[in-house]
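Subject: Structure handover

Hello,

Here is the structure for you to look over. My notes on what was found follow below it.

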Amino acid sequence: FMHVYKYGIVIRCGDGITWRVFPCFFTYSADYPEKILLACIKFLGECPCPHCLVKKADIPKMGMKSD
């Protein structure tokens, strides 16, 4: 693996073009709010913001004189 990582490996793709590719592995570390945004499941919860506790039903009421 280390030889391929350093020098690459020649692969012929489906379109007939030969490429030298270099495999690369990486990890992505994220906290809970970032994972929610990445997984696109933010809209499934009651609160759209992970920091505040404003419910979705109360968002249209924000910015009124009663605030």
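A salt bridge here is a side-chain nitrogen of Lys or Arg within 4 Å of a carboxyl oxygen of Asp or Glu. By that test, a search of the whole structure finds one. The side chains of Lys-61 and Asp-58 form it, at 3.4 Å from N to O. Side chains of opposite charge can pair when their charged atoms come close. Asp-58 is partly exposed, at a relative accessible area of 33%. The classes are buried under 20%, exposed over 50% and partly exposed in between, with a 1.4 Å probe and protein chains only.

Some ground rules. This is a predicted model, where local features need pLDDT of at least 70 and side-chain atom pairs count only at pLDDT 80 or more, while totals for chains, interfaces and linings use all residues. Residues are numbered from 1 along each chain as its sequence is written, and side-chain values use heavy atoms, with hydrogens and water left out.

Overall layout. The chain has two helices and two strands. Along the sequence the pattern is α-β-β-α. Helices (H or I, at least four residues) and strands (E, at least two) are DSSP runs, numbered from the N terminus. Of the 67 residues, 4% count as buried. The accessible surface comes to about 6,300 Å², and carbon and sulfur atoms hold 66% of that. Areas come from the Shrake-Rupley method with a 1.4 Å probe; for residues, only the protein chains shown count as cover.

Contacts. A contact means heavy atoms within 4.5 Å. Take the contacts between residues at least 6 apart in sequence: 2% of them join residues at least 24 apart.

E1 and E2 pair in the antiparallel sense, over four bridges. Pairing requires at least two DSSP bridges between the strands. Ile-11 has Trp-19 in E2 as its bridge partner. Val-10 stands opposite Arg-20 in E2. Five residues lie between the strands, and in this hairpin Gly-16 takes a positive phi near 90 degrees.

The surface patch. Which residues form a nonpolar patch on the surface? They are Ile-9, Ile-11, Ile-17, Trp-19 and Val-21, with about 420 Å² of accessible area together. Strand E1 (9-12) and strand E2 (18-21) each give two or more residues to this patch. Patch members need over 30% relative accessible area and no salt bridge; like charges are joined within 9 Å, and nonpolar side chains (Val, Leu, Ile, Met, Phe, Trp, Tyr) within 5 Å. Val-21 lies in strand E2. Its relative accessible area is 33%, so Val-21 is partly exposed.

Phe-1 sits in the segment before helix H1 (2-7). Phe-1 is exposed, at 56% relative accessible area. Leaving out residues up to four places away in sequence, Phe-1 touches Pro-23 and Phe-25. The C-alpha atoms of Phe-1 and Pro-23 are 8.9 Å apart, with the two residues 22 apart along the chain.

Cysteines. The structure holds zero disulfides, a disulfide being a pair of cysteine sulfur atoms within 2.5 Å. Cys-13 is partly exposed, at 35% relative accessibility. Cys-24 is exposed, at 56%.

Best regards
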